[in-house]
2 protein chains.
Amino acid sequence: MSSGARFSVVTIQNRRERERAERHQLIIDAARDLAEAEGWDAVTTRRLAEKVEYSQPVLYSHFKGKEAIVRAVAIQGCGDLARQLRKARPAQGKSRLRAAAEAYLEFARERPALYDAMFVQEVDIPFGTDDTPAELRDAFGELVAAVEPVAGQRDLETLTEVFWSTLHGIATLTKGKRLRPSHHEARLDLALRALSLAEQEERS
Amino acid sequence: MSSGARFSVVTIQNRRERERAERHQLIIDAARDLAEAEGWDAVTTRRLAEKVEYSQPVLYSHFKGKEAIVRAVAIQGCGDLARQLRKARPAQGKSRLRAAAEAYLEFARERPALYDAMFVQEVDIPFGTDDTPAELRDAFGELVAAVEPVAGQRDLETLTEVFWSTLHGIATLTKGKRLRPSHHEARLDLALRALSLAEQEERS
DNA sequence: CGTGAGTTTCTAGCATTGCTAGCGACAGGA
DNA sequence: TCCTGTCGCTAGCAATGCTAGAAACTCACG
């Protein structure tokens, strides 16, 4: 019976860990939803606790602090972005670079709070190191794949960083109302042509 | 005598207005200095009041709220940026585009808190409208002047927005440790060549 | 069927934040 | 010399992130 008891203990622990993991995800989802609905200023520990129907200290048993919650949201957001970019791959008609650019900017426009957590707020996520979360690597990998056809002789990863920087600049300056909304298409055209044409030049 | 008295009143009011304006600027300078020294999180109304040697409510007699102070810092920061860009104009050797890009990125790197207030935080400054502060127009004008030699057939203002977006993206992603620091030069080379070469292509 | 140990969750509170009401002091005109 | 209006300060409010310590619950054991 001792083995039976031990087994039952283990299984109970499993259940607890599972419930704990579910609650962990519940907190992340609630934080993201609240941020997307009312902005990150509305994401206070009190409102978040109320939304998940637990008291504040429970949040701190899962995350070191509020910033850790934002970080978790950001990392999962990178997974979302990677998926959205991958879905935009098989765009017939337009170039792969353009498809990726449009998908990226649509993500930034449609989910501004999430984008903010991912790339604007100072969340201190390891980016270049070995323990960079897989979600981030996936998202960047999608950008690399989109740039690859136009890279030519140029260093692929560096060119992708330039591509990403341009997209990020357009996304954030647009959100801050610092660019003329009416010229969105024209800007994207110019940016994409610049990045692509340079390659043709280099080949000749 | 009545005219003398009136004159004296006017002059006293002038002095008061002058002192008030000086204190106004004192607050802005203190906020900027504190932010540059310890980051915007350290800029609390209490610390700021202590630094200017007045009580908190004085701040609110000059500005509607903390956000208005940040906005004032940001606008004056645009003046600083415009001056720095203008100073970088007569760069012999390198192209004007490169000189502007390097000056811009140096500004963002050397004065990160100021740059944050100007272009990252949501400060709600009117950008495209008629009452856009002159400092902003000046700064953008400097970028336009730097882009002009390579614009070719392309729309100058739109191309400048793309140029700015790329610089802004590089600046913010670099600050957030999201780009490989070792490849800074290479990124800038690629970006500038892309923006310039496209023009040659178009001319041919 | 209790009972006690161990874990989990909550109540209550701290220090700090942006902001403001309302009092007191002071200068200038009569 | 008093009166008036401006000016700046003290003191306090509500909200924030976070935490200590009490309370409640779970579950193996007698």
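Through what surface do the copies meet, going by the interface residues of chains A and B?

A few ground rules before we start. This is a predicted model, where local features need pLDDT of at least 70, side-chain atom pairs count only at pLDDT 80 or more, and totals for chains, interfaces and linings use all residues. Residues are numbered from 1 along each chain as its sequence is written, while chains are lettered from A and ligands numbered from 1 in the order in which they are written.

**Exercise 1. Work out how chains A and B meet.**

Step 1: Get the contact list, taking two residues as in contact if their C-beta atoms, placed from the backbone, lie within 7 Å. Chain A puts in 34 residues and chain B puts in 34 residues.

Step 2: Find the elements on the chain A side. Helix 8 (156-175) and helix 9 (184-203) of chain A are the ones that give two or more residues; helices here are DSSP runs of H or I with at least four residues, numbered from the N terminus.

Step 3: Back to the opening question. 100% of chain A's interface residues are also interface residues in chain B, so the copies meet through the same surface.

**Exercise 2. Describe the surroundings of DNA strand C.**

Step 1: Count a residue as near if its C-beta atom, placed from the backbone, lies within 6 Å of the strand. That gives 18 residues around DNA strand C, the closest being A:Ser55, A:Pro57, B:Thr44, B:Gly65 and B:Lys66.

Step 2: Assign them to elements. Helix 3 (56-62) of chain A plus helix 1 (2-38), helix 2 (45-52) and helix 3 (56-62) of chain B each supply at least two residues. The largest share, 4 residues, is from helix 3 of chain A.

**Exercise 3. Characterise the packing of helix 4 on helix 6 in chain A.**

Step 1: Take axes as lines fitted to C-alpha atoms over the stretch in contact, with angles from 0 to 180 degrees between N-to-C directions. The axes of helix 4 (residues 66-87) and helix 6 (residues 112-120) of chain A come within 8 Å and cross at roughly 100°. That makes helix 4 of chain A roughly perpendicular (65 to 115 degrees) to helix 6 of chain A.

Step 2: List the partners. A:Val70, A:Val73, A:Ala74, A:Gly77 and A:Cys78 of helix 4 meet A:Leu114, A:Ala117 and A:Met118 of helix 6.

Technical notes
Angles under 35 degrees count as roughly parallel, over 145 as roughly antiparallel, 65 to 115 as roughly perpendicular and the rest as oblique.
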